[in-house]
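Please work through each task before reading its solution.

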Amino acid sequence: MNTRTLYVSDMDGTLLGADSRVSERSRLIISDLTEQGALITVATARTPATVRPLLAGVAMAPPAVVMTGAALWTRHGSFSHVRFMEPHDVDAVLQVCAACGIHPFVYTMGADGGVLDVYHDAAEMNRAEQSFYDQRRHLDLKRFHMRRALPAEGRRRTILFCALGRLADTDAAARELAACTGCSVQSYPDVVLPDTGVLEVFAPGVSKAAAIEQVKARMGAERLVVFGDNLNDLPMFAVADVAVAVANALPQVREAADVVIGPNTADSVARFIESDFLEG
């Protein structure tokens, strides 16, 4: 009997190609393997608002790990296992970001439970923030409230903070938050703009790795194969039976991998899954 394997891929820079889309070839491979019983899903920092259109037409049975593990998104289109931040941690993050000159996007669960309300209080946005907003402003499942601070009632519904600024500033904020809170904090270079830092803050214990373990247990899988390219993928590398880096991954990620495959522009993830699954 073949070992039941769960395949989990990061999206940006890994499963997605140069155009930030799932190629037609990858879509066909993954959908065909899913019909054959393969367990394939994604783990991403993205929210369902961008995951859903990007994976349109891609058949996947297990839930997707979204918002770096702060929630799961089921194939039926609903949130599950949402991890909210404590109000005192929310206050701490707001204070540290203000001190570091950072204006985070604050993600909260809307009253309807299916749409995210996102608050951003800067009077003007930097280049990275503007691009981030422009790419997401018209998406379903997300409502932006610009030039508006997080309302008091939102403190108990906050899921995550995402800030884009100078890498030195996001690194400084991450160090301070790691020292003064128990939150899950990470700062890393933006894939497209290397001089820009991305700061992400979640409730304590939130990670792709922890969420993947939940999905693995839920699907009854015995073996875990993961794919990534950036520093925020390293926690899931640590819990994988096989950690796979794409050729365009950061040097630290390639070094931590068990296997290095081709680049994200060559359907490398889908092709590796196909070969591994069919070989049993």
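**Exercise 1.** What volume does the largest pocket have?

*Solution.* The model is predicted, so local features need pLDDT of at least 70 and side-chain atom pairs count only at pLDDT 80 or more, while totals for chains, interfaces and linings use all residues. Residues are numbered from 1 along each chain as its sequence is written, and side-chain values use heavy atoms, without hydrogens and water.

Step 1. On a 1 Å grid over the protein atoms alone, a pocket is an open set of points where a 1.4 Å probe fits, with protein on both sides within 12 Å along at least five of seven lines; lining residues have an atom within 4 Å of a point.

Step 2. The volume, meaning the space filled by probe spheres set on the points, is about 850 Å³ for the largest pocket.

Step 3. Among the 36 lining residues, D12, R46, R136, D190 and V191 are the closest to the centre of this pocket.

**Exercise 2.** Which element supplies the largest share of the lining of the largest pocket?

*Solution.* Helices (H or I, at least four residues) and strands (E, at least two) are DSSP runs, numbered from the N terminus. The largest share, 5 residues, belongs to α5.

**Exercise 3.** What is the strand order of the open sheet of 5 strands?

*Solution.* Step 1. Strands pair if DSSP finds at least two bridges between them.

Step 1. The order is β2-β1-β12-β13-β14, with parallel pairing; β2 (39-42) and β14 (259-260) are the edge strands.

Step 2. β12 (residues 223-228) and β13 (residues 242-245) pair over 4 bridges, and G228 stands opposite A245 in β13.
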